[in-house]
Amino acid sequence: MSCSGETVEDDQIIQIKPRISQQLKKAKYGVSDHSTVALCHWTKKSFKHEGSCYKHKFYGISTHSCMEFSPAGMYCENRCVYCWRPMEFYDSLQMDPKNVAEPVEIISKLMEERKNLIMGHYGDSRSDKMRLDESLKPSHYAISLSGEPTMYPKLPELIKYLKSLKETKSIFLVTNGQEPQMIKKLQDQDALPTQLYLSTNAADYESFLKINKPRYDDSWERWNTTLEMLKNLNTRTVLRITLIRNYNDKEEMISAFAKMLKEASPNFVEIKSYMHIGRSTNRLEHENMLEMEEVKKFSEEVAKQSEIFSVMDESYVSRIVVLQNNKQKIDRWIPTYLDTN
Ligand code: SF4
């Protein structure tokens, strides 16, 4: 039974409620059982050679061949103030393994949903047909769209399945850090993604609560456990900081962030401004966004105080700066093959 009182029969696959599913479809999401897929702003732009996502600039990811999806589209343990997804609909339901769809099923149904979303672009004379054809067979997976993917109990099997697909070159997973046990499982079962992101929006408990509005009582401990695990994971790691004016951008917070980054020692740190888009516009104001110059200043100071990071690159249009760890230096470019050994 979910916290909202909804009952799921023993043999039923969890479904996103019809009313919510309708709203998601109106917002051009593909929906299958409890999973969601969408074409992001940059994927659509790249079909027309109108630009690429910053992940292309930073790490060499092909934007048009990226499939962004979530196996837990409407489930999350947090209610972050900056979340642009429709989190007002989030269910606190624990995803029982016997009520979830199998990885193969999720991917084949979402591929079909994604194909339907792509089909509409063939009618646009500005689209590059070759790019559209290529996009039908993704080479990159971003497991991050809506909800918290680590709540899906068969995530190790899902990632292993994606790795087994011929076209797959890389997989990125974004987590809010609330399920450290799942991160351990990924490590133990040799199912870590190519690059693991941990959302890191606070360096102290008080702002953590204010920004993430977590549901778990031990949310801070959970998040810190995940943070501590990063150093020993056998994959590329990234801390992603979303700066929100008057929440976590104050000068006095810089030293706490720098200390945290130094201790956690991830390969990269992405520092970006909150963007006033989607559902977050109901909770925050336009003024909560930072100018690129402010993001740069904050990033440069954090890098300096950390002593081990330096600025690697930036994207003006996305208001983001990426720092590289000089103590754990790795090639910024994602290999063009997936090393599954
Ligand atoms: S953790 Fe992610 S999906 Fe969940 S509420 Fe926060 S931003 Fe939204």
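A residue is called buried here if 20 or more other C-beta atoms lie within 10 Å of its own. In this predicted model, Thr43 has 25 C-beta neighbours inside 10 Å and therefore counts as buried. Thr43 belongs to helix H2, residues 41-47. Apart from its neighbours within four places in sequence, Thr43 is in contact with Thr63, His64 and Cys66.

Ten strands form an open sheet with mixed pairing, in the order E1-E2-E3-E4-E5-E6-E7-E8-E10-E9. Strand E1 (29-32) and strand E9 (309-315) stand at the edges with a single partner strand each, so one side of each has no neighbour in the sheet. From one strand to the next, the twist averages 25 degrees.

E1 and E2 pair in the antiparallel sense over four bridges, and Tyr29 stands opposite Ala38 in E2. The two strands form a hairpin with two residues between them. Asp33 lies in the loop between E1 and strand E2 (35-38). Asp33 is not a glycine, yet its phi is positive, at about 50 degrees. This residue counts as buried because it has 20 C-beta neighbours inside 10 Å.

In a regular strand, side chains alternate between the two faces of the sheet. Strand E2 is covered on both faces: Ser35 and Val37 are buried on one side, and Thr36 and Ala38 are buried on the other. E2 runs antiparallel to E3, and three bridges join them. Ala38 has Glu68 as its bridge partner in E3.

The next pairings are parallel. Strand E3 (residues 66-70) pairs with E4 in the parallel sense over four bridges, and the bridge partner of Met67 in E4 is Tyr141. E4 and E5 also pair in the parallel sense, over four bridges, and here Ala142 has Phe172 in E5 as its bridge partner. Within strand E4 (residues 140-143), His140 and Ala142 point one way, while Tyr141 and Ile143 point the other way; all are buried.

Further along the order, strand E8 (residues 268-273) and strand E10 (residues 320-325) pair in the antiparallel sense over five bridges. In this pair, Ile271 stands opposite Val321 in E10.

In helix H9 (residues 219-229), the buried residues are Ser219, Trp223 and Thr226. Seen down the axis of H9, these residues fall within an arc of 60 degrees, so they line one face of the helix. The face turned away from the buried side of H9 carries the exposed residues Glu221 and Glu228. On the buried side, the residues of H9 pack against strand E5 (170-175), helix H7 (180-188) and strand E6 (195-199).

Asp190 lies in the loop between H7 and E6, and its phi is about 55 degrees although it is not a glycine. With 13 C-beta neighbours inside 10 Å, Asp190 counts as partly exposed.

In helix H10 (residues 254-264), Phe257, Ala258, Met260, Leu261 and Ala264 are buried. Seen down the axis of H10, they fall within an arc of 165 degrees, so these residues line one face of the helix. The cover over the buried residues of H10 includes H9, strand E7 (236-243), E8, helix H11 (292-306) and E9. Just after H10, Ser265 takes a positive phi of about 50 degrees.

The last topic is the ligand. Ten residues surround it, and the closest are Cys76, Asn78, Cys80, Cys83 and Asn176. Sorted by class, the shell around the ligand has four nonpolar, three polar and three charged residues.

Note on methods:
Residues numbered from 1 in each chain as written. Predicted model: local features only at pLDDT ≥ 70, side-chain atom pairs only at ≥ 80, totals over all residues. Pairing = 2+ DSSP bridges. Axes fitted to C-alpha atoms, helices over the stretch in contact; angles between N-to-C directions. Buried ≥ 20, exposed ≤ 12 C-beta atoms within 10 Å, placed from the backbone. Arc of directions from axis to C-beta. Contact = placed C-beta atoms within 7 Å. Near = placed C-beta within 6 Å. Nonpolar A, V, L, I, M, F, W, Y, C, P; charged D, E, K, R; others polar.
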